[in-house]
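This report describes how side chains pack in one protein model. Please keep the sequence and the coordinates at hand while reading.

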Amino acid sequence: MNTNNCVFFSWEERRVSKEKGCRVVHYYLKDSLGELLAVVGTEKSSKHMIYVVTKDYLDAFGHTSTINSETKWRAKRDVVGWLTSLISEPHRSSPISTRSI
């Protein structure tokens, strides 16, 4: 399946673990049917995270020349840029996870 056929309207960051040395963060893409875990970030060392595309995302949309099982990012801004490029309108507001509830 191609992401061009799916309309994502937002993405969300969720911190799974805040424990120093073991931090984990999940990034979800949201559409009218629900959400899909697209990226998982894990702390590799102090202040260094590695972000990888999930198997769930690859199973749903397949591999491309730029996104595949080897895709890794070292900067959160690169992950945010990629997620933002997948939603139907520019992500003009702050990520959902930083909004007050």
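## Basis of the values

The model is predicted, so local features need pLDDT of at least 70 and side-chain atom pairs count only at pLDDT 80 or more, whereas totals for chains, interfaces and linings use all residues. Residues are numbered from 1 along each chain as its sequence is written, and side-chain values use heavy atoms, with hydrogens and water left out.

## Nonpolar core

A nonpolar core is taken here as a set of buried Ala, Val, Leu, Ile, Met, Phe, Trp, Tyr and Cys residues joined through side-chain atoms within 4.5 Å, where buried means under 20% relative accessible area with a 1.4 Å probe and protein chains only. The largest such core has 21 residues, and those with the most contacts inside it are Val 39, Tyr 57, Trp 82 and Leu 83.

Two or more residues of this core come from each of strand 1 (8-17), strand 2 (24-31), strand 3 (34-45), strand 4 (48-53), helix 1 (55-61) and helix 2 (76-86). Helix 2 gives the most, with four residues. These elements are DSSP runs numbered from the N terminus, with helices (H or I) of at least four residues and strands (E) of at least two.

## Ring contacts

Rings of Phe, Tyr and Trp (its six-membered ring) pair if their centres lie within 6.5 Å, and planes under 30 degrees apart count as stacked, over 60 as edge-to-face and the rest as tilted; by this rule there are six aromatic pairs. The rings of Trp 11 and Tyr 27 have centres 6.2 Å apart and planes at 50°, so this pair is tilted. Because Trp 11 lies in strand 1 and Tyr 27 in strand 2, the pair ties together parts that are 16 residues apart in sequence; both residues are buried.

The pair of Tyr 57 and Phe 61 is also tilted, because the ring centres are 5.0 Å apart and the planes at 40°. Both residues lie in helix 1, four residues apart, about one turn of the helix, and both are buried. Ring pairs link Phe 8, Tyr 57, Phe 61, Trp 73 and Trp 82 into a cluster.

## Largest pocket

The lining of the largest pocket consists of Glu 13, Arg 15, Ser 17, Arg 23, Val 24, Val 25, Tyr 27, Met 49, Tyr 51 and Lys 76. Strand 1, strand 2 and strand 4 each supply at least two residues of this lining.

Methods. Buried < 20%, exposed > 50% of the residue type's maximum accessible area, 1.4 Å probe, protein only. 1 Å grid on protein atoms, 1.4 Å probe; cavity = no way out; pocket = protein on both sides within 12 Å on 5 of 7 lines; lining within 4 Å.
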